[in-house]
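These are my notebook entries on one protein chain. I set down what I looked up, topic by topic.

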Amino acid sequence: MDRPSPSPHIDPHTLRVLEFPVICQMLADRATSALGRERALALTPGTDLAGIDERLRTVSEFRTILQANDTVPIRGIKDIRPALAQARIEGTALDPATLLDVASTLQTSRLLRAFGSQLHEKLPSPRVERLLAGLGTFPGIEEAVSQAIDPSGVVKDQASSTLRRIRREQQTIRERTREHLTGLVQSDTGRQALQEPVVTVREGRYVVPVRIEHRNRIRGVVHDQSASGATLFVEPFAVVELNNRLRELEIEERREIDRILSAITTLIRQEIEQIVETVMGLQQVDFFYAAGRFSLDLRAGRPRLNQDGQIDLRNARHPLLECSLDPAQPLRKAVPLTLRVGGSASTLVITGPNMGGKTVALKTVGLLTLMAQSGLHVPADEPADLAVFTQVFADIGDEQSIQQNLSTFSSHLQQVITILNQADARTLVLLDELGAGTDPTAGAALGMAVLESLTGRRAVTIATTHYGALKEFAARTPGVENGSMEFDVTTLSPTYRFRQGIPGGSYAVEIGRRLGLPDVILDRTIAVIGSDERRLEELIVALDRERRLHEEAREQAERLREELDRLTKDYRDKLDTLTRTERDFLRKAQERADRVLRDANTLVERTVADIRAQQASREAIKQAKTALHEQRAQVRQQLDETRPAPAPEPARSLQVGDEVWVESLRANGVIVEASDGRLRVRVGKVEITVRREDVRAPALSEAEEPVPERRAGGVRVHTPTRVNPELDLRGYTADEAIEAVDRYLYDASMAGLSSVWIIHGKGSGVLRQEIGKFLKAHDLVKSYRLAEWNEGGSGVTVVELG
């Protein structure tokens, strides 16, 4: 992502008086590296709307990432550009500390790239993802530095086998040298001749401190003498060769270290262009990271940009009042600014008392415009509308120059001349105390002429003034609007609130009356002012009171709305909680009901098993059936009590062919005949006559149960709560079929079915014959027959249950 190109249209005077360099410094303070700080301090406003908007959206993505408390692995970026310039030179070797900085920077690049590759799943941020994906990874260089140099900047022994050998030999020589000298120190000669019993180093060679009067007792090379002259540092001849060998090894060590550092530098040189590009990318990343942090600290948001000169700010705050440059300095609570200019009124004239906030309002609009055009978020409620201007001019403050012999008025006039020479419809002009510094009448006339010219060019202009004539000019001139800073007459102090469309009053008479100025003076003041001027002042005061009452009513309405929103939210939360509680209750009730039903079915199966085991008589079987029917009825009653009652179905006409639920059979069927009050319904192969009130719309949840499941080693027939009047045995062996029919007949009997259809197919007839033999001897079978030709013929046996 390219950095914004410097804009030649924003002159340094405007940037300085609007304190834009301070914003750059605050941004730089939030960067993590010298690269990011450099980029922040060089920031200038741009004019390309599309490019600016893209940068603003990138800042928004970084802000979202930081707001999610996601740790961005950005710390570790170093300014390695001088090192890269040095590495370009063939044969050079970077020092260990510099190589550690390079490795740290490349490691940060790798970590940021990996971080970006995971963003899509956690926090989709397409612009940040693209930015981080453009960073390079250089594992070979990282590994080479890590293996050769420790964190303190010392080249490791394991950097090469040669270096390891040299250092081992150095250690051996040192130990031999120290051992020999220690023996000398501890000898009688040493105790007498040495100043103190120590071994020290001079010029890289091991020596002992010899008293000057005993210099002839220890023969050797003198390397140094103490400041007092009483001690000579002597290298005994016995260790000269050992010290010589140490010096040779030190030279070999330096050569090997240079070779190792040169080899790593060569690796960097081979990928120098990609590394340079990555460093530039890291600078961009650190800049946007700082901009995201700045946005959070300012409680800022992304502005909406336009090229139509529209500025519409709600609750905007001056950045220096919102976030101090010095964290230790307490902030004053800033009064937010809500202001609109552009469109039908391109010029806004702001009046009000001294120290009332006019200049701060002017600077806030100008500074937020510069920030937005620099790709920074602005401290204002969203949506904040700001225009992209090709030129921004600000004439604010006392610009008199002693050196140039210019008065305040002259210096302001020179700035106005510059503005008039360059302003057009893509220009923002900010004029503080327009026409001040000269005769009020002439100053007001000059101000009107300047504003007329700027308004005619459609330049967006905001001007502050004390002149009443300019208030009248704004009121009668198309394209010009009045505005003012509020003044509280009761407390005799400014409130710093901006009022759109209302001119400011002088409040001189009101202030004088509250301070006790004699009535005769006040009356004379009114007379001098004139009745028209006084009526205007009174009208402004009255408008002020009305506006204040309206504001209070609006604030009260806002509080009531917030209270209503809170109560609505509380109600919805409670309703959601109640709904969840009801759902949990119904779920648990359903689970209890299912458990009761399972227990009942278990009892049914156990009863059937007992009947079989005891070979009970037909009468005993009927008694058991009666008892089970009663228990089933009780279970159904319990289930009905736990389930919510279904909503009554709307009455509808039933016709032949309609599918209905037959309550007595607990199954779906189709109407084949309809007469007054009664219906003929086919359920499977059975046709029965029922009353109209005994049927209802079919329920999918009460559809037919699945057919018996075949399993290896036998047949398992699922015992359903509602029994299908048909049993399909096609594909079964004779033994499997007999077992299935036995279980099915008991289930059908318990379900209250009077007749059932057993489908065995035609085939060879063996299955039909075996089933017939079994039915003939079954206690529950009243009679059985082959079905009619239109019922399935010899492939179906119809069984009447007794």
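**Entry 1: overall make-up**

I counted 24 helices and 25 strands in the protein chain. Helices here are DSSP runs of H or I with at least four residues, strands are runs of E with at least two, and both are numbered from the N terminus. The model is predicted, so I note its limits: local features need pLDDT of at least 70, side-chain atom pairs count only at pLDDT 80 or more, and totals for chains, interfaces and linings use all residues. Residues are numbered from 1 along each chain as its sequence is written, and side-chain values use heavy atoms, with hydrogens and water left out.

I then looked up burial. Of the 802 residues, 44% count as buried; the term means under 20% relative accessible area, while exposed means over 50% and partly exposed lies in between (1.4 Å probe, protein chains only). The chain exposes about 42000 Å², and carbon and sulfur atoms supply 50% of that area. Accessible areas come from the Shrake-Rupley method with a 1.4 Å probe, and for residues only the protein chains shown count as cover.

For contacts (heavy atoms within 4.5 Å), I recorded that among those with a separation of 6 or more, 68% are between residues 24 or more positions apart.

**Entry 2: nonpolar cores**

In soluble globular proteins, nonpolar side chains tend to be buried together. I took a nonpolar core to be a set of buried Ala, Val, Leu, Ile, Met, Phe, Trp, Tyr and Cys residues joined through side-chain atoms within 4.5 Å. The largest such core has 100 residues, and those with the most contacts inside it are Leu27, Ile268, Ile275, Ile311, Leu339 and Ile462. Helix α13 gives the most to this core, with twelve residues. A second, separate core has 20 residues, including Val416, Ala423, Tyr467 and Phe473.

Which residues does Leu339 touch, not counting those up to four places away in sequence? I listed Ile311, Asp312, Leu313, Leu348, Ile350, Val365, Ile462, Phe498 and Gln500.

I also followed Leu27 into its helix: in α2, the buried residues are Phe20, Ile23, Cys24, Met26, Leu27 and Ala28. The buried residues of α2 pack against α1 (12-17), α3, α13, α14 and α15 (358-373).

Helix α24 (residues 766-776) has Leu767, Ile771, Gly772 and Leu775 as its buried residues. These residues lie on the same side of α24, because they cover an arc of only 135 degrees around the axis; the arc is that of the directions from the helix axis to the C-beta atoms. The face turned away from the buried side carries the exposed residues Lys773 and Lys776. The buried residues of α24 pack against α23 (734-750), β23, β24 (781-786) and β25 (796-801).

In strand β23 (residues 755-759) I looked up Val756, which is buried at a relative accessible area of 0%. Beyond its neighbours within four places in sequence, Val756 is in contact with Pro725, Tyr744, Leu745, Ala748, Thr797, Val798 and Val799.

**Entry 3: salt bridges**

Side chains of opposite charge can pair when their charged atoms come close. My rule for a salt bridge was a side-chain nitrogen of Lys or Arg within 4 Å of a carboxyl oxygen of Asp or Glu, and the count came to 38.

Arg30 and Asp297 meet in a salt bridge at 2.7 Å, N to O. The pair links distant parts of the chain, 267 residues apart: Arg30 is in the loop between α2 (20-28) and α3 (34-41), and Asp297 is in helix α13 (residues 272-298). Arg30 counts as buried at 11% relative accessibility, whereas Asp297 is partly exposed at 37%.

Arg259 and Glu256 form another salt bridge, with the closest N and O atoms 2.7 Å apart. These two are separated by about one helical turn because they are three residues apart in helix α12 (residues 240-270). Arg259 is partly exposed at 46%; Glu256 is buried at 8%.

For Arg299 and Glu322, the closest N and O atoms of the salt bridge are 2.2 Å apart. Arg299 counts as exposed at 53% relative accessibility, and Glu322 as buried at 11%. I also noted one network, in which salt bridges that share partners join Arg165, Glu169, Arg245, Glu248 and Glu252.
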